Structures are given as structure tokens and as C-alpha cells.
Amino acid sequence: MNYDEIYRHGAAPWEIGGPQPAFAAVLDRGVTGPKALDLGCGTGELALALARRGYEVTGVDISPVAIDLARAKAADAGVAVRFEVGDATKLPAAEFDAVFDSGLLHNLHREDEAQTAAYLTLLPTLTTPGGTVHVLGVSAAAGHGWNMTEEFLRASFAAPTWTDTRVADIEVAAIVDGQDLTMPGFLLRAVRA
């Protein structure tokens with residue numbers, strides 16, 4: 001998939017003008033902090049929301065076009081976020097208190113088994129012990145090639161690496177051809193052991 005072209009033409013269905021609604025409760029309850037990572041950040045809506053709440057935020061996306069748009073949004077809003085172009089399956093180890101994935105894992109899982117495995121292996125190296133990972137993805141129940149299941153999520157975020165894994169049924173928002181759309185999805189929260 002050519003993400004740069006999707007962003008250049010303003011056709012990214014996941015760009016809904018703010019963070020996914022299912023993240024609202026997470027943001028309102030407070031996030032493990034102070035350092036947060038937004039993987040597959042797109043044009044930065046979730047990263048900006050985290051920064052506005054006082055977190056030290058890094059956003060990473062494989063698309064240079066998306067990162068340029070995110071940096072411009074941050075500058076316009078006067079919000080400090082470190083945006084980087086990078087492949088989320090190949091990042092160097094780091095320690096973040098909260099890691100967010102708003103639709104990255106479900107795309108990897110749909111497209112490439114090897115990249116999915118690399119990403120799942122990498123996540124613990126990015127999360128400080130006691131830190132949380134939040135993953136939002138479209139469920140297999142949505143059809144159209146989506147294949148994420150609750151069983152897959154629970155198996156991917158299991159002991160001994162992860163504890164207190166919770167998976168909730170949610171609605172994932174999108175905009176397709178100017179129309180608001182919702183699809184069945186999951187919101188996972190897991191704590192790094």
C-alpha cells in the first residue's frame with residue numbers, strides 16, 4: 001500500500017479529524033506517563049491529543065508525507081511532539097510508559113505475517129516495565145479481509161511478557177468517500193510485566 005499517495009490525496013479513511021472515539025476514555029482516565037509513543041501516528045491526531053494533556057510524545061509513521069502533515073499540525077497548534085519517519089517493525093529499543101497503536105497492528109496482521117511477528121516481538125522492547133500498551137483495531141466481524149480476533153490479541157499479549165490484558169468490543173470510526181462509517185473492532189490494554 002502506498003501510504004504517501006493516500007495522504008497526498010486526503011483519502012486516508014482513518015483520518016477522522018481527531019483520535020478514535022474509543023480512545024476518549026483512555027485519554028480521560030489518564031495515561032501511564034510521562035512518555036508516550038504513538039505507533040503508526042498518521043497525521044498526528046492522537047499524538048497531539050496526548051501532548052495537549054501534558055505527555056512527552058513521540059509519533060512514528062512510515063509515511064514521510066504523513067509526518068510532514070503531523071509536524072505542520074503540531075506547529076499550528078503550538079504543541080511539542082517529536083514526529084519521526086520510521087518502520088514500526090524495526091525501531092530501536094526505547095522505554096515509553098504508554099504505547100498506542102491506532103490501527104497499525106490490524107493492517108500488519110491483514111497484510112504480512114512476518115511483519116506482524118516482528119512488530120509483536122518489538123513492542124515489549126519499547127514499553128517500560130509497568131507501562132501500558134493500547135491497541136485499537138478492526139475486528140474480523142467487519143468482513144472485507146479484516147482478520148483480527150480477540151483470540152489473536154489475547155495470545156499476542158499473554159504472560160509472561162504481558163499482564164492484566166483486557167480486550168473490549170468497540171466501534172472503529174472511518175470516513176470513506178465523505179461518509180462517516182463505523183466498523184466493529186477491539187480495544188486492547190496490556191501491561192508490560
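Modeller: A residue is called buried when its relative accessible area is under 20%, exposed when it is over 50%, and partly exposed in between, with a 1.4 Å probe and protein chains only. This is a predicted model, in which local features need pLDDT of at least 70 and side-chain atom pairs count only at pLDDT 80 or more, while totals for chains, interfaces and linings use all residues. Residues are numbered from 1 along each chain as its sequence is written, and side-chain values use heavy atoms, leaving out hydrogens and water.

Colleague: Why does Tyr7 count as buried?

Modeller: Its relative accessibility is 8%, and the cut-off is under 20%, so Tyr7 counts as buried. Trp14, by contrast, has a relative accessible area of 31% and is therefore partly exposed.

Colleague: What makes Tyr7 and Trp14 an aromatic pair, and which kind is it?

Modeller: Rings of Phe, Tyr and Trp (its six-membered ring) pair if their centres lie within 6.5 Å, and planes under 30 degrees apart count as stacked, over 60 as edge-to-face and the rest as tilted. Tyr7 and Trp14 are 6.0 Å apart, centre to centre, with 75° between the planes, and this pair is edge-to-face. The structure holds 4 aromatic pairs, and ring pairs link Tyr3, Tyr7 and Trp14 into a cluster.

Colleague: How do you know that Arg110 lies over the face of Trp146?

Modeller: A charge sits over a ring if NZ of Lys or CZ of Arg is within 6 Å of the ring centre and within 35 degrees of the ring normal. Arg110 lies over the face of Trp146 at 3.8 Å from the ring centre, and Lys35 lies over the face of Phe96 at 5.3 Å.

Colleague: Why is Leu136 called buried?

Modeller: Leu136 has a relative accessible area of 1% and is therefore buried. Leu136 is found in strand S5, where strands (E, at least two residues) and helices (H or I, at least four) are DSSP runs numbered from the N terminus. Among the residues that Leu136 touches, not counting those up to four places away in sequence, are Phe23, His106 and Phe186, contact meaning heavy atoms within 4.5 Å.

Colleague: What makes strand S3 and strand S6 stand at the edges?

Modeller: Two strands pair if DSSP finds at least two bridges between them. The open sheet has 7 strands in the order S3-S2-S1-S4-S5-S7-S6, with mixed pairing. Strand S3 (82–85) and strand S6 (162–176) each have a single partner strand, so one side of each is left without a neighbour in the sheet. Further in, 4 bridges join the parallel strands S1 and S4, and Ala36 stands opposite Ala98 in S4.
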